[in-house]
Amino acid sequence: MTARVDRFALPPRRPAERLGVAVVRELVELIVTGQLGEGRLLPPEGPLSEHFGVSRTVVRESVKRLEEKGLVVVSQGRGTQVARAGSWNMLDPVVLSALIDNDESLGVLDELTVVRGSLEAAMAGALATRRTPEELTRVEHALAAMREIRHETDSSRQADVVFHFTIMELSGNRLAENICKRLYRRALESDRFHGLAYESAFESTLDEHALVVDAIARRDAAGAERAMRDHIVTSWQRRRLQGPPG
């Protein structure tokens, strides 16, 4: 009698680049959380290879990715040293995600709000200075779309994003637009960014957006800048610190 042989298919081996992605993500998290602090030397290739269960080639390529992100400095004869935070590419998706995901103190989101507020204010001011009637109509339509929803839902949040993106795109400042969109999109994925909610939140947001539109309509660049900055900063403070104003 012939014994039955069961066929067992080995799972496909993960390509080296996929292994490298996992190694890079873990090392990025260790660095941004301070577990591997500024000035510290990374362990040599051998121990890293054993720790992650990957080849030295994968480790070597992963360290190169860290260097490209500005997280480490590789020196001949000295090894790989963690760079100071000011050298990190914080717009890199992996670095930015690690920073926000591990932001227990909300300090990163505080900093993100300041940067975003300044850049969006400048873009709103630029649009107010040179807007055409057609561009004003687009901004007014974006505000009207928010008003039609009337309450806090996924649709209202999306309409809010469209409003901000419309002003960014019409500002003509491609660099500021690119930076702001990267920051804003990633922040929106964080529960901490959405923070606390309260009953009048949507009405407050509508009123603040209307002030921005009014300043753009009047070609008041300073007013548009002030209204946009105030909206971004104060709306974050409401969500961050407390519910409804007392």
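**Reading a helical chain**

Modeller: From the N terminus on, the elements run α-α-α-β-β-α-α-α-α-α-α-α-α. That makes eleven helices and two strands. Helices (H or I, at least four residues) and strands (E, at least two) are DSSP runs, numbered from the N terminus. The model is predicted: local features need pLDDT of at least 70, side-chain atom pairs count only at pLDDT 80 or more, and totals for chains, interfaces and linings use all residues. Residues are numbered from 1 along each chain as its sequence is written, and side-chain values use heavy atoms, with hydrogens and water left out.

Colleague: How much of the chain counts as buried?

Modeller: Start with the cut-offs. Buried means under 20% relative accessible area, exposed over 50%, and partly exposed in between (1.4 Å probe, protein chains only). Here 42% of the 246 residues count as buried.

Colleague: What share of the contacts joins residues 24 or more positions apart?

Modeller: A contact means heavy atoms within 4.5 Å. Take the contacts in the chain with a separation of 6 or more: residues 24 or more positions apart account for 72% of them.

Colleague: Let me try one residue. Is T113 buried or exposed?

Modeller: T113 sits in helix α5 (residues 107–130). Its relative accessible area is 3%, so T113 is buried. Leave out residues up to four places away in sequence, and T113 touches I232, V233 and W236.

Colleague: What does the side chain of T113 reach?

Modeller: Look for a polar contact: a pair of N or O atoms within 3.5 Å. Within protein, one must be able to donate a hydrogen and the other to accept it, and residues adjacent in sequence count only if both atoms are side-chain atoms. The T113 side chain reaches the backbone oxygen of L109 at 2.8 Å.

Colleague: Now a whole helix. What span does α8 have?

Modeller: The expected span is 1.5 Å times one less than the number of residues. Helix α8 (residues 174–188) has 15 residues. From first C-alpha to last it reaches 21 Å, close to the 21 Å expected.

Colleague: Which residues of α8 are buried?

Modeller: First, a general idea. An α-helix has 3.6 residues a turn, so residues three or four places apart point the same way. In α8 the buried residues are A176, E177, C180, K181, L183, Y184, R186 and A187. Their cover includes α4 (93–101), α5, α7 (154–171) and α9 (191–194).

Colleague: How do α4 and α8 cross?

Modeller: Two packed helices are described by the angle between their axes and the distance between the axes. Axes are lines fitted to C-alpha atoms, for helices over the stretch in contact, and angles run from 0 to 180 degrees between N-to-C directions. The axes of α4 and α8 come within 10 Å and cross at roughly 45°. They are therefore oblique to each other. Angles under 35 degrees count as roughly parallel, over 145 as roughly antiparallel, 65 to 115 as roughly perpendicular and the rest as oblique. L96, S97, I100 and D101 of α4 make the contact with R182, L183, R186 and A187 of α8.

Colleague: And how do α7 and α10 cross?

Modeller: The axes of α7 and helix α10 (residues 201–217) come within 12 Å and cross at roughly 20°. That makes α7 roughly parallel to α10. Among the α7 residues that meet α10 are F163 and I167.
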